[in-house]
Amino acid sequence: MSLLFSPLDLRSVTLPNRVAVSPMCQYSATGGLPDHWHLVHLGSRAVGGAGLVIAEASAVEPIGRISPEDTGIWSPEHVEAWRPITAFIKERGSVPGIQLAHAGRKASTYSPFAEGRGGVADADGGWTPVGPTTEPFVDAYRTPVALSEADIAEVVRKFAEAARYAVEAGFEVLEVHAAHGYLLHEFLSPLSNTRTDAYGGDAEGRLRFPLEVVRAVRAAVGEDVPVLARLSASDWTEGGLTAEDSADIARALVDAGADLIDVSSGGNVPSAPIETGPGYQVPFAAVIRDKAGVLTGAVGEITDAEQAEAILTDGSADLVLLARELLRDPYWPLRAAAALGDEVAPPAQYGRAF
């Protein structure tokens with residue numbers, strides 16, 4: 001059997017294989033509630049054989065949404081809306097996961113499908129975002145309000161509450177979003193966090209808020225539920241976070257209760273010169289895995305079975321996450337299994353046609 005199609009144990013959960021659906025915003029929710037679109041989008045990837053299906057960045061409070069059309073997980077109503085989706089994913093033999101998120105200063109923006117661009121005005125359903133300071137991500141975005149220490153404590157509480165709601169909704173793996181220039185990444189990066197209080201000033205201060213979130217999420221869900229953390233390992237900009245910095249951050253997050261670091265990059269600086277290409281972010285996962293001694297997931301232009309298998313066998317990561325390739329082909333895991341000579345899993349996982 002290939003390593004790609006071997007199981008991965010995370011606390012009390014066993015992933016049937018090491019192919020994960022990376023969280024992908026669908027911009028299709030109303031009031032943060034998922035609907036039939038999300039059932040089909042996520043359910044088809046479970047039918048297609050992914051071992052872990054992670055729902056899109058779902059806000060822990062309404063003002064934490066990237067756009068007014070993002071999903072959320074902040075109320076009992078959201079729990080009921082997510083339940084049929086998690087049930088279907090589990091029926092197909094996959095593990096349902098959700099990314100707990102707060103967009104910070106990048107909130108209240110138009111979705112890619114909207115006619116407008118930049119910040120959404122209150123009159124059009126927008127709101128005032130929050131961040132580490134009052135500096136907007138770009139001039140076209142809305143100016144954020146700087147979080148006070150009391151505000152930060154309230155956001156930590158909301159992450160914990162969202163984690164409890166997520167488990168109640170049937171999710172078996174939770175991911176804390178601390179990447180892509182959203183709120184927790186904004187606090188981690190010296191490029192966006194220029195505070196001088198306990199939540200800024202140096203690397204320890206910038207890490208304080210994300211650590212409090214991970215500890216609160218872990219306390220909220222107990223010892224059995226796996227908690228992942230997504231990091232932007234590099235800001236791709238001088239003076240920003242590097243892979244070596246992120247290795248230290250990753251080790252601290254695991255000590256706080258995370259089980260695996262989902263390694264991405266960028267998103268905090270609009271003009272960052274990111275050099276893309278096949279597997280371009282995999283070296284970051286490898287550095288963090290090696291230097292921090294933690295489990296990692298790799299993402300970024302992973303498109304074929306042999307490439308995915310090599311990422312695991314050469315020790316760069318323990319899990320591969322696919323986004324665009326799984327949009328193009330929800331049944332990529334089936335084709336990858338065939339390409340690697342693995343036996344097709346039982347029909348309960350892959351659908352009745354196989």
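**Close-up 1. Right-handed crossing of helices α3 and α5 in a predicted model.** Helix α3 spans residues 149–168 and helix α5 residues 203–221. Helices are DSSP runs of H or I with at least four residues, strands are runs of E with at least two, and both are numbered from the N terminus. The two axes come within 8 Å and cross at roughly 35 degrees. Axes are lines fitted to C-alpha atoms, for helices over the stretch in contact, with angles from 0 to 180 degrees between N-to-C directions. From α3, the contact (heavy atoms within 4.5 Å) takes in I152, V155, V156, F159, A160, A163, R164 and V167. They meet F209, E212, V213, A216, V217, A220 and V221 in α5. By class, 13 of these residues are nonpolar, none polar and two charged (nonpolar: Ala, Val, Leu, Ile, Met, Phe, Trp, Tyr, Cys and Pro; charged: Asp, Glu, Lys and Arg; polar: the others, Gly among them).

**Close-up 2. Helix α5 against helix α6.** Helix α6 covers residues 243–256. The axes of α5 and α6 come within 8 Å and cross at roughly 30 degrees. The pair is therefore roughly parallel (under 35 degrees; over 145 is roughly antiparallel, 65 to 115 roughly perpendicular, the rest oblique). This crossing is right-handed. L207, P210, L211, V214, R215 and R218 of α5 touch I249, A252, L253 and A256 of α6. The contact has eight nonpolar, no polar and two charged residues.

**Close-up 3. Helices α8 and α10.** Helix α8 runs over residues 305–313 and α10 over 332–339. Their axes come within 9 Å and cross at roughly 80 degrees, so the helices are roughly perpendicular. A305, E306 and A308 of α8 meet W332, A336 and A339 of α10. Five of the contact residues are nonpolar, none polar and one charged.

**Close-up 4. The surroundings of C25.** C25 lies in the loop between β3 (19–21) and α1 (36–47). Its relative accessible area is 25%, so C25 is partly exposed (buried is under 20%, exposed over 50%, partly exposed in between; 1.4 Å probe, protein chains only). Leaving aside residues up to four places away in sequence, C25 touches E56, A57, I66 and D70. E69 is 44 residues away along the chain, with 9.3 Å between its C-alpha atom and that of C25.

**Notes.** Residues are numbered from 1 along each chain as its sequence is written, and side-chain values use heavy atoms, without hydrogens or water. In this predicted model, local features need pLDDT of at least 70, side-chain atom pairs count only at pLDDT 80 or more, and totals for chains, interfaces and linings use all residues.

Methods. Left-handed = near helix turned anticlockwise from the far one by under 90°.
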